[in-house]
Amino acid sequence: MSDSGTGTGGTGGRATGDRVVRSFEDRFGASHEVLVRAPGRVNLIGEHTDYNDGFVMPVAIERAIWIALRPREDRTVRVWSADYEEEATFDLDALARGGPGWAEYLKGTAWALQEAGHAVAGWDGVVGGDVPRGAGLSSSAALELATARAFTAITAAGWLPDTMARLAQKAENEWVGVECGIMDQMISAVGKARHAVLIDCRSLDTRPVPLPDGTVVVILDTATRRGLVDSAYNERRRQCEVAAAHFDVPALRDVTPAMLDEERDALDEVTARRARHVVTENARTLAAADAMAAGQAGTLGRLMDESHASLRDDFEVSSDALDTMVEVARSAPGSRGARMTGAGFGGCAVALVDRDAVDAFIEATRTGYRAQAGREPAVYVTAGSEGAAVVS
């Protein structure tokens, strides 16, 4: 499960693509005509800011979803999952829910494309990937973007990354029924090697920002999963809406630190802390983008440390396992900073690490976390990857 290689971005995980190609040949007795990939992601900084119209700064990772396919003459899509070892078939003119759960992401993407007036056509394909499921690395968004890339490739339609990200989000919101924000789909569409991408979740403007020279991003899976995330997420979202209503603004994105200080005593303690996290996290995310543009790894790491403290104390979405992982990572060789990443209550932490110390960092972090938490962590290293693309 772990990966101690640093990766170089670009195609990323080509061994997985080769596995998918071989599976296509075995399944359909012929060669594929198109191979596409779309990456998963990790959020470097900017947590619980997306639904507050704020700023996030994710990184597309080398781990990806791949689809090998060839066009059909009819309007049928037939797909074999190399990971689940099962097949799904659906008619583009009679889309309906039901069947394998993974296939709903493909059907939902086809539905969203057609709803927006895009041409779609049938194909035979094999899908597979190496994005860990359930780790908060957005395997679902990667599957949606890979599916959109497959449809546009065989119809020779233009590829507009921002548009396709919005349609993939629509598929997940309205077909699959998961009320996700835009971050996951957007970074899978527009990712850039050796860069994070600053996303304005109100305007959807994006700006690539380079990772500081000599650093990589290390994803640290605590081997715990987020059992409380749904109810806690909804509660945090309501608390943010209450705070925004108090200030009579559309979202906490519009509240400044000065406004928050002025009204601090008028808010109840919990609401004030939730608002403080969002307001300060937006500021940290923008400051982190500036630090990265200036190559200031130390400043970026400090901002990541501050983000974790805010998520732990003000937003209260960390966990014992996440806190332990972050503490261990911060003391490991080459560490510049670390924080929990994702919705919280389990899943992954993320660290900025000097490239030349990454092996020592991984060994120390694994050993320390194993000793303190009694669990075996998984570790993934990324230098940032390109977004969804036709590979061949």
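The following questions and answers look at some residues and helix pairs in this predicted model.

Me: Is R339 buried or exposed in this model?
Reply: To place the residue first, R339 belongs to strand β9, which covers residues 335–341. Its relative accessibility is 0%, and since a residue counts as buried when that value is under 20%, R339 is buried.

Me: What is the relative accessible area of K107, a residue of helix α2?
Reply: Helix α2 runs over residues 103–115, and K107 lies within it. Leaving aside residues up to four places away in sequence, K107 touches F90, L95, A96, R97, G98 and W175. K107 is classed as buried, because its relative accessible area is 4%.

Me: How is α10 oriented relative to α11?
Reply: Two packed helices are described by the angle between their axes and the distance between the axes. Here helix α10 (residues 320–330) packs against helix α11 (residues 358–373) with the axes 9 Å apart and at an angle of about 140°. Because an angle over 145 degrees would be needed for roughly antiparallel, the orientation of α10 to α11 is oblique.

Me: How many nonpolar residues are in the contact of α10 with α11?
Reply: From α10, the residues A321, T324, M325, V328 and A329 take part, and they meet F361, A364, T365, G368, Y369 and Q372 of α11. Sorted by class, this contact has no charged residues and four polar ones, while the number of nonpolar residues is seven.

Me: What is the handedness of the crossing in which α4 passes α5?
Reply: Helix α4 spans residues 161–176, and its axis is 8 Å from that of α5, at an angle of about 145°. The crossing in which α4 passes α5 is right-handed.

Me: How many charged residues are in the contact of α4 with α5?
Reply: On the α4 side the contact involves P161, D162, A165, A168, Q169 and E172, which meet Q185, M186, A189 and V190 of α5. These residues divide into six nonpolar and two polar, and the number that are charged is two.

Me: What is the phi of E85?
Reply: Most residues other than glycine have a negative phi. E85 lies in the loop between β3 (76–81) and β4 (86–91), and E85 is exposed, with a relative accessible area of 60%. Although E85 is not a glycine, its phi is positive, at about 55°.

Me: Where does R194, whose phi is positive, lie?
Reply: R194 is not a glycine, yet its phi is positive at about 65°. With a relative accessible area of 23%, R194 is partly exposed. Its place is in the loop between α5 (183–190) and β6 (195–200).

Conventions:
Residues are numbered from 1 along each chain as its sequence is written. This is a predicted model: local features need pLDDT of at least 70, side-chain atom pairs count only at pLDDT 80 or more; totals for chains, interfaces and linings use all residues. Side-chain values use heavy atoms; hydrogens and water are left out. Helices (H or I, at least four residues) and strands (E, at least two) are DSSP runs, numbered from the N terminus. Buried means under 20% relative accessible area, exposed over 50%, partly exposed in between (1.4 Å probe, protein chains only). Axes are lines fitted to C-alpha atoms, for helices over the stretch in contact, and angles run from 0 to 180 degrees between N-to-C directions. Angles under 35 degrees count as roughly parallel, over 145 as roughly antiparallel, 65 to 115 as roughly perpendicular and the rest as oblique. Contact means heavy atoms within 4.5 Å. Ala, Val, Leu, Ile, Met, Phe, Trp, Tyr, Cys and Pro count as nonpolar, Asp, Glu, Lys and Arg as charged, and the others, Gly among them, as polar. A crossing is left-handed if the near helix is turned anticlockwise from the far one by less than a right angle, and right-handed if clockwise.
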